[in-house]
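Biologist: Hello! Could you walk me through this model?

Modeller: Gladly, let us look at it together.

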Amino acid sequence: MQKDIFVTGVGVISAIGNNAAQCFESLRNKKSGLDFIKILQTIHKDKFKVGEVRLTNYQLLDILGLPHSEIKKFSRTSLLGIIAAKEAVNNSEININNEELKTGLISATTVGGMDKTEIEITDSDSKMDFLLTHPCGDSSNKICEYLGINGYRTTISTACSSGANAIIHGIKLIQHEIIDRAIVGGVDALSKFTLNGFNTLMILDKDFCKPFDENRKGLNIGEGAGFLVIESEKSMIKRKKQSICKITGYANANDAYHQTASSPDGEGAYKAMYEALKMSKIDYSEIDYVNAHGTGTPNNDLSEGAALKRIFDNKVPKFSSTKAFTGHTLGAAAGIEAVFSVLSIQNSIIYPNLNFETPISEIGIKPQTEVDERSINNVLSNSFGFGGNNSSIIFSK
Amino acid sequence: MNELIEKLKTQLIEQLNLEDIEPDEIVANEALFGDGLCLDSIDALEIIVLLEKEYNIKIGNPKEGKEIMYSIESLAKFITENKGK
Amino acid sequence: MNVFINSAEAITPQNTFNTNEFLTNINELKGDYFSCVKPDYKEYINPKLLRRMSKIVRMGIASSIKALQTANIEQPDAIIIGTGLGCLDDTIKFLDQIIENDESLLNPTPFIQSTHNTVSGQIALLIDCKNYNFTFSQQEVSFETALIDAFMMFQEKNASNILLGSIDEITEKIYLLLKKAGCTKVPVNNILKSNTKGYIPGEGACFFSLSNQESEKNIAEITAISVFNKIDNENKLPIDLQKIFTQRKKFINDIDVLISGINGDVFEDKNYTSMQQIFKESIHVGYKHLVGEYDTASSFATWLGTKIIQNQFVPDAVKTNSKSKKSIENILIHNYSKGHEHSFILLSKC
């Protein structure tokens, strides 16, 4: 079994940038991408702030060099996914056509091509091609088609932890030598379905979300895609490539408390972090930064905060949620935040948790509110979803 | 008020898909959540939708709903006081 | 490392759940698509919880609970599920509301129930299982990639028992969309020999309790799984499948039964001919004329193969040639996905 897994490339598109460099600049300059809706057609346009990628589908096609005539072939989810996956591949400089090394694609999404389905399903003249783009697996297929990946591919759909689970699955496939390297991450596009869905749960903030703040009211939905290229040591040695960092621990656990809410003591979150830390064999005091799930909902932040206090025995490392920058990008969240975690190590930086004023009274912990430039050796990244699905991944220098 | 209570029982059974329960099995002043009917937070959200749909009453914050929805009786009282405002 | 099947439970359009019969009384197709036989769900699910559950969630939970009960497992070390299209009925319900009510007065329940991991999450909740919990959704290889995940867990020794399953459903609304898209065929007698284009949609929930421990509970063994194969030479096994045969010391003649995913679509079924030729001495079996076509139908094939091994008997209703065998030791399941790839599951007698 190949034990060590290396990150050799990153790719991302979100409300704060169309690539990793742009996103990183926004994070460093505390520039949030949350704003009123400009592209999605919805009656809630002027009501909620979201993390929208400021490009129409035609503009996304342009970036990929695809003709406008192909617009019906792609959901917005696919286009976002291809852009981020392509950047990750270019960043890592892997040659997908290399016959000696097997490449896989493991992606994640919560609603797949719903952005296209919800528009076309009422169109009586529709050629029904939304049936092809709707399934979760379609965006993964489109990414593979565009990048020329012929081998292993799959998609994971476990709500907001999906992207982390895609990364975990990719890691295991490499460790078991089923593939040598993988493009792993997640994607989701904004849709009326998810915007209205979260609205019915009354967990959207009409203003900017305030992760870990006493007066937090809910989340802002976002969209985007984030992918890593991960490789085995054998694969890296073969092509004499340096890595950006390693993945030293990961875990998935279930809260088994409620269908949508997290347990007050964050049992599932605790278990995921505990197992990931155990695998990494890193001393808890050596975690330099926690990129929290931190959605800004009353429930998640309390639960996650409680779990952080428990696991770190009240000595919680510097932590922040980046969701006040990008919004909660659902299936893409863990992928995007994995990229941010890797960039944190690469650039020696901790990102600020925007909009924080008052700690949550029940737990009292304070996130990092300013950009902090310091050497980062270990980052813990959390992603927790509906169905009590909780995942944690540890990135190390 | 009694008419409203009976109407609410039927509406709740329908909205929350309480398949095996008859209206006369629901006690008007018994707790809806926790014990009693064992409703949960998702049901609370459904009741909020019901209030808006059927009675034109908007509840902006689910936390507000806790006291209002304690029982069918408290729900009926709230509706009577706030209907169509 | 061995992966044993200790129980296999399925809710399908045939009488497969809570019965000792093995495909003797066949349910003919009534209507345009195959719908599951409804068991008494109250036997497996508390009525207070049942009320919120759509058909697919009930199917998934009942069959998974039964699989655990049969194998005498209270808490599996992992719950791994595959689903092609997830909880479609609730998805459409919520989408319809958005359209009809112009994004107002929407019910939260169908939205919550529409997430693909609703079933895996609900199972965990019901049995208080805080362990590993994954849901795969990659169309026709959703079940296969879930199975690969289970294999990897056993290999890592991170589990000694795993609940593996799949769920997919068909509804009237979905059927009409598929029909409009030209995917479906008008119901015919003898579906597999109809010589017409299109398929008959179906649905099902199949769950297995897997273990890496040898015991008297073992019914069958999953010897190997191989996905994303291309058939380059019509007369030869795909490379990876050949490697598996070599590693497991199996030969063409060792395969007693070949279960093919033929569905009666005159064009698509041609993709199975090559394997049927190579394994021409095996008993040939089809099943999609009994349960319909859906993304995770190969899990039904796995259920079928398991029961064939357990009973040492191939029901007439599934036979598509006239071969017979003294005993059934090895079964090869072959499914072709429209992504032009072939997947194989190899089952063996323990």
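Modeller: Ile5(A) stands opposite Ile247(A) in S8(A), strands being DSSP runs of E with at least two residues, and helices runs of H or I with at least four, numbered from the N terminus. This is a predicted model, where local features need pLDDT of at least 70, side-chain atom pairs count only at pLDDT 80 or more, and totals for chains, interfaces and linings use all residues. Residues are numbered from 1 along each chain as its sequence is written, while chains are lettered from A and ligands numbered from 1 in the order in which they are written.

Biologist: Which residue is the bridge partner of Ile5(A) in S7(A)?

Modeller: Strands pair if DSSP finds at least two bridges between them. S1(A) and S7(A) run antiparallel, joined by eight bridges. In S7(A), the partner of Ile5(A) is Ser232(A).

Biologist: How many residues of strand S1 of chain A are buried?

Modeller: Buried means 20 or more other C-beta atoms, placed from the backbone, within 10 Å of a residue's own; exposed means 12 or fewer, and partly exposed lies in between. Strand S1 (residues 5-13) of chain A is largely enclosed by the rest of the structure, because its buried residues number nine of the nine.

Biologist: Which element supplies the largest share of the side of chain A that touches chain C?

Modeller: Contact requires C-beta atoms, placed from the backbone, within 7 Å. By that rule, 46 residues of chain A meet 45 residues of chain C. The largest share on chain A's side, five residues, comes from H8(A).

Note on methods
Two residues are in contact if their C-beta atoms, placed from the backbone, lie within 7 Å.
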